[in-house]
Amino acid sequence: MVKKISHIGIAVESLEEQIPYYRDVLGLKFVATETVEDQMVRVAFFDVGDTRIELLEATDENSPIAKFIARKGQGVHHMAYQVDDCKMAINQMDGKGMRLIDTEPRMGAGGHKIAFLHPKSTFGILTELTEEHE
Ligand code: ZN
């Protein structure tokens, strides 16, 4: 059901501060930045093979990213796995007793359907399922 790692989301205090590390030190290909109003984040994307790194910066103090950093500090925020069908995947996860944050897919960065599994069900790792069609 899971096809590959779509991306790794990293909570950062400042995109401007961290972009040079990923782009100039690690030499990753910088793709773009995008604001996702719904989640109150600004995202910077980097390609790593056919996977991405997403740096997530809060645009509001009520953003989940701002709350995450306040609790745990900057660092890895979530793992995203690409699936064929987001709705079907969350239904299957639900059937396996997983706690869901999203019971219906919602729209994520890039216009992809996404849904999150609760870290209480995934041994502490906030897990995203993403449906992406190239
Ligand atoms: Zn994500």
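A: Met40 adopts a positive phi near 55° in the hairpin formed by strand 2 and strand 3, where 4 residues lie between the strands. The model is predicted, so local features need pLDDT of at least 70 and side-chain atom pairs count only at pLDDT 80 or more, while totals for chains, interfaces and linings use all residues. Residues are numbered from 1 along each chain as its sequence is written, and side-chain values use heavy atoms, with hydrogens and water left out.

Strand 2 covers residues 29-36 and strand 3 covers residues 41-48; the two run antiparallel and are joined by 7 bridges (strands pair at two or more DSSP bridges; a strand is a DSSP E run of at least two residues). Within this pairing, Ala32 of strand 2 has Phe45 of strand 3 as its bridge partner.

Elsewhere in the chain is the site of the zinc ion. The protein donors (N, O or S atoms within 2.8 Å of the metal, or 3.2 Å for Na, K and Ca) are His7 through NE2, His78 through NE2 and Glu128 through OE, at 1.9 to 2.1 Å from the zinc ion. Along the sequence, the spacing of these donor residues is H-x70-H-x49-E. His78 belongs to strand 5 (residues 75-83) and Glu128 to strand 8 (residues 127-131), so the pair links distant parts of the chain, 50 residues apart. His78 counts as buried because its relative accessibility is 4% (buried: under 20% relative accessible area, with a 1.4 Å probe and protein chains only). Glu128 likewise counts as buried, at 4% relative accessibility.

Key:
Buried < 20%, exposed > 50% of the residue type's maximum accessible area, 1.4 Å probe, protein only.
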